[in-house]
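Hi everyone, thanks for coming. Today I'd like to walk you through some charged pairs, so please take a look at the screen.

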Amino acid sequence: MESIAQALQQVKGRIDRAIAHSGSAPGSVALLAVSKTQPAAAVRQAHAAGQRAFGENYVQEALAKIEVLADLRAQLEWHLIGPLQSNKTAAVARAFDWVHSVDRLKIAQRLSEQRPASLPPLNICLQVNISGEASKAGLWPAEVAGVAQAVAALPGLHLRGLMSIPAPAADPAAQRAPHRALRELLAALNAQGLGLDTLSMGMSDDLEAAVAEGATLVRVGTAIFGRRA
Ligand SMILES: *Cc1c(COP(=O)(O)O)cnc(C)c1O
């Protein structure tokens with residue numbers, strides 16, 4: 001069986017080839033290893049192989065893992081990429097470095113108020129329902145500019161950019177379309193002076209399409225850790 005270290009190398013190879021193909025600068029795409037449902041031991045193995053940024057979906061599971069891995073805390077970056085309810089914001093504001101899944105101003109206000117002053121501002125991406133699916137989390141594209149301006153003004157937060165989870169698509173052109181739409185939305189915000197630097201898009205099955213459209217961070221779980229139970 002392939003090790004986590006080998007799988008990480010393969011994913012980095014995919015990212016590097018996609019970057020070369022797109023003509024972007026080498027090293028311009030960060031890799032977030034999505035460790036949801038994986039044991040802390042798997043995070044340790046990925047850390048030993050050089051990985052530093054990890055993504056989690058479920059707050060309780062993540063808090064337990066962060067605690068078990070407290071000895072590595074200063075070296076790791078923890079990103080929440082799953083849904084966040086109001087009653088969990090205080091714990092998240094204390095424990096995480098990034099939240100990618102903010103889709104309501106109220107959640108951002110709570111995170112800002114609850115972020116400890118001893119920590120740097122919490123890095124934030126606004127989640128956008130870019131494929132327009134009725135069932136999906138995320139702001140509608142038309143709502144994003146208003147929420148972004150308000151979030152950018154909150155003192156405990158550092159608004160970094162946008163995140164999306166498009167509807168799955170098999171062919172590369174169909175994969176690229178929602179990623180392109182998210183890139184254009186980010187460009188429109190920056191034209192309003194927001195200075196955002198992060199496009200969190202692309203997963204195991206579509207990271208090449210996301211990099212081709214300018215992703216700065218890809219979120220990869222299965223291709224690193226194997227299938228989730
Ligand atoms: C699970 C998850 C991922 C990783 O998906 P894979 O297909 O396993 O790479 C990325 N982003 C979000 C928001 C997720 O929930």
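Let me begin with a definition: buried means under 20% relative accessible area, exposed means over 50%, and partly exposed is in between, using a 1.4 Å probe and protein chains only. Please keep in mind that this is a predicted model, where local features need pLDDT of at least 70, side-chain atom pairs count only at pLDDT 80 or more, and totals for chains, interfaces and linings use all residues. Residues are numbered from 1 along each chain as its sequence is written, and side-chain values use heavy atoms, with hydrogens and water left out.

Now, how many salt bridges does the structure hold? There are 10, where a salt bridge is a side-chain nitrogen of Lys or Arg within 4 Å of a carboxyl oxygen of Asp or Glu.

Let's visit Glu 213, which is buried at 2% relative accessibility. Its side chain meets that of Arg 176 in a salt bridge, 2.8 Å from N to O. Arg 176 is in helix α7, while Glu 213 is in the loop between α8 (207-212) and β8 (217-220), 37 residues apart. Helices (H or I, at least four residues) and strands (E, at least two) are DSSP runs, numbered from the N terminus. Arg 176 itself is partly exposed, at 32%.

Glu 213 also forms a salt bridge with Arg 180, with the closest N and O atoms 3.2 Å apart. Shared partners join Arg 176, Arg 180, Arg 183 and Glu 213 into one network.

Finally, Arg 160 and Asp 197 form a salt bridge at 3.0 Å, N to O. Arg 160 is buried, at 18%, whereas Asp 197 is partly exposed, at 43%.
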